Amino acid sequence: MIDQATIDRIMDTADIVEVVEDFVSLKKRGVNYLGLCPFHNEKTPSFTVSPGKQIFKCFGCGKGGSPVNFIMEHEHLSFVDALKYLAKKYHIEIQEKDETPEDIAQRNQRESLLIVSNYAKDYFANTLFNDNEGRTVGLAYFRERGFRDDIIKKFELGFNPGNKDTFTQAALRNGYKMEFLEGTGLSIKRDDWVRDRFAGRVVFPFHNLAGRVIAFGGRILKTDPKAAKYLNSPESEIYHKSKVLYGIYFAKNAISRSDKCYLVEGYTDVLSFHQSGIENVVASSGTSLTADQIRLIKRFTPNITIIYDGDKAGIKASLRGIDMVLEEGVNVKVVPLPDGEDPDSFARSMSSSELLEYISQNEIDFIRFKTQILLNETENDPVTRARVINDIVRSIAVIPDNITRSVYIKECSKMLDVAENLLYTEVRKIKFKLTEDQVVKEKREELRQAARDKENAQLESTVIKPGINPCEIEEKALLRVLIRYFGNDLFTVVDEKSHEERIVKVGEYILSEIEADNLNSVNPVVYKIIEEFKEHQFEEFFDPQRYFAQHADSEVNSMVSGLLVDKHIESVIWRKNGAYVEDEDEVLFTIVPRLIEEYKLRHVKLMISEIMKKIGSVKSSDNLDEIFELQRIITKLKKVEKELSKKLGKRAITS
Ligand SMILES: [Zn+2]
């Protein structure tokens with residue numbers, strides 16, 4: 001807790017140019033400064049810093065705000081931690097209120113767990129350096145492993161005394177509650193006894209992105225066949241092991257800067273890399289890599305290089321998880337180390353430039369790596385070979401980017417000695433199967449989220465220019481399917497209340513989507529057709545093909561009959577959904593949601609460009625409030641755009 005006077009002082013002292021300049025190189029332009037935005041990729045600078053107003057703003061991605069906002073955004077910190085960061089930069093002493101046990105009890109559960117973890121971290125670190133047992137057992141161990149004191153201190157390593165409950169008793173004496181000691185897993189309590197989970201172990205704190213300690217890993221030092229060599233904190237409200245990467249807090253800036261992340265296996269691998277000066281490194285520590293961990297890395301870079309020790313079994317085991325990584329659209333490379341080396345020993349055997357040199361010369365693209373390893377095992381047995389080909393095709397099929405995929409197909413065709421078009425066919429088959437599974441799964445989820453879509457719809461109903469119709473292709477494609485397949489079954493949903501299965505028809509789905517998001521056409525004929533659909537959709541024998549073909553308005557009926565025979569629109573739908581599909585009506589469950597999403601995406605893109613134009617027309621420094629408001633809308637729209645693009649990308653069957 002920081003008192004208001006200190007907050008004011010920090011806000012008054014922090015200078016936007018000085019704060020930003022620590023991360024972005026700025027050039028003076030008139031009264032303002034200009035640089036390349038650190039929050040989005042750009043080649044021409046649109047990131048502006050105004051020393052007069054003490055704010056930054058980016059006209060590319062819309063981010064903007066005070067020095068505190070900049071630090072929160074750039075360093076991924078909470079408001080309070082950003083204030084602390086600035087206080088440190090400007091040597092402002094923070095008057096934090098001393099916390100009594102009563103204060104702690106008042107805070108919410110999560111905060112209490114974090115506070116207890118922080119206390120434990122300090123206790124363990126203090127024990128390591130200042131307690132006799134800590135020094136002779138714990139510190140001696142780290143030093144023997146070759147870790148320098150600055151690295152030990154940076155990672156806040158520590159030692160938990162060997163007696164059964166020394167730490168727990170100390171924590172209780174200091175007013176920390178058993179409830180939270182148990183909640184973090186630091187203490188284990190049974191009816192008549194209490195134990196320290198990490199008794200007799202050196203401990204490695206796990207930091208979250210903001211640098212707060214959320215869990216610990218402990219390594220035993222005595223030889224005890226009954227005890228696990230490594231032990232981690234159990235899952236808790238603050239620690240979800242599948243979402244955490246060891247070392248991410250100390251690596252994030254280096255990962256952003258180098259646009260690359262090294263992934264190693266253990267804590268000590270991370271420490272050794274840092275010690276040799278390479279900081280863009282994290283460890284998945286024990287668990288096999290999860291999708292959440294990949295997404296965490298992806299916030300900073302799409303380039304991941306996995307460094308394995310030379311042991312073959314380890315490599316094969318890790319191959320399994322990686323298809324999931326490819327699915328996230330990241331570039332995976334692999335560096336196998338020489339036999340008998342692990343990242344830890346290897347990093348310590350050479351200088352950082354030698355290590356980087358080795359990595360860059362030995363890193364292999366993952367698909368190539370997998371192909372090589374698997375091929376070596378087949379020994380020309382045709383059955384195993386077929387299985388290997390299938391396995392590799394599976395890895396290629398999950399890659400979202402078309403170009404990358406075709407590069408791999410070309411390459412693997414050579415390595416596997418299989419015709420390229422055969423691989424293409426196999427990839428397509430698998431992709432179609434994946435899409436099918438996914439669409440069915442996503443459908444249920446999507447219908448539940450209709451409420452969230454409504455909020456976006458309010459935004460979407462803002463601006464659309466009259467005159468030309470920029471959504472024409474998407475609208476016509478959608479209208480064609482709506483008229484032709486109005487009464488066809490689309491998919492089955494389970495009613496949330498009655499738990500009964502219900503079939504959703506094509507017409508019902510399209511019209512409800514259009515209505516929920518308030519997507520109105522600027523073309524009066526299309527508008528009229530949709531309105532009449534809404535009016536008649538619940539009539540028992542409503543047949544739109546007949547209804548519109550006999551329509552009194554000649555514009556309506558010529559558009560509808562035109563649509564039904566329009567080869568161009570038909571080919572647009574088909575091109576997007578795979579030419580090998582025999583009948584359109586068999587893949588409606590894929591085509592229809594996709595057409596809806598494309599239509600929505602087009603609308604969102606339009607709105608973004610409209611607002612961008614508006615921002616451009618605002619006289620720059622006079623109407624900052626208006627600009628900020630418009631940027632806020634853009635940020636929100638971009639989020640919607642990104643979600644839609646992601647969905648569409650994942651679903652693409654062919655290019
Ligand atoms: Zn930007």
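Q: Is His-91 buried or exposed, and why?
A: Burial is judged by counting C-beta atoms, placed from the backbone, within 10 Å of a residue's own: 20 or more others make it buried, 12 or fewer exposed, and anything in between partly exposed. His-91 counts as exposed because it has 7 C-beta neighbours inside 10 Å. This is a predicted model, in which local features need pLDDT of at least 70, side-chain atom pairs count only at pLDDT 80 or more, and totals for chains, interfaces and linings use all residues. Residues are numbered from 1 along each chain as its sequence is written.

Q: Where is His-91 found?
A: Helices (H or I, at least four residues) and strands (E, at least two) are DSSP runs, numbered from the N terminus. His-91 lies in the loop between helix H4 (79-89) and helix H5 (101-106). Its phi is positive, about 50°, although His-91 is not a glycine.

Q: Which residues of helix H23 are buried?
A: An α-helix has 3.6 residues a turn, so residues three or four places apart point the same way. In H23 (residues 506-516), the buried ones are Val-506, Gly-507, Tyr-509, Ile-510, Glu-513 and Ile-514. They pack (contact meaning C-beta atoms, placed from the backbone, within 7 Å) against helix H22 (472-484), strand S17 (489-494), strand S18 (501-505), helix H24 (524-536) and helix H28 (588-617). After H23 comes Asn-518, with a positive phi near 55°.

Technical notes: Contact = placed C-beta atoms within 7 Å.
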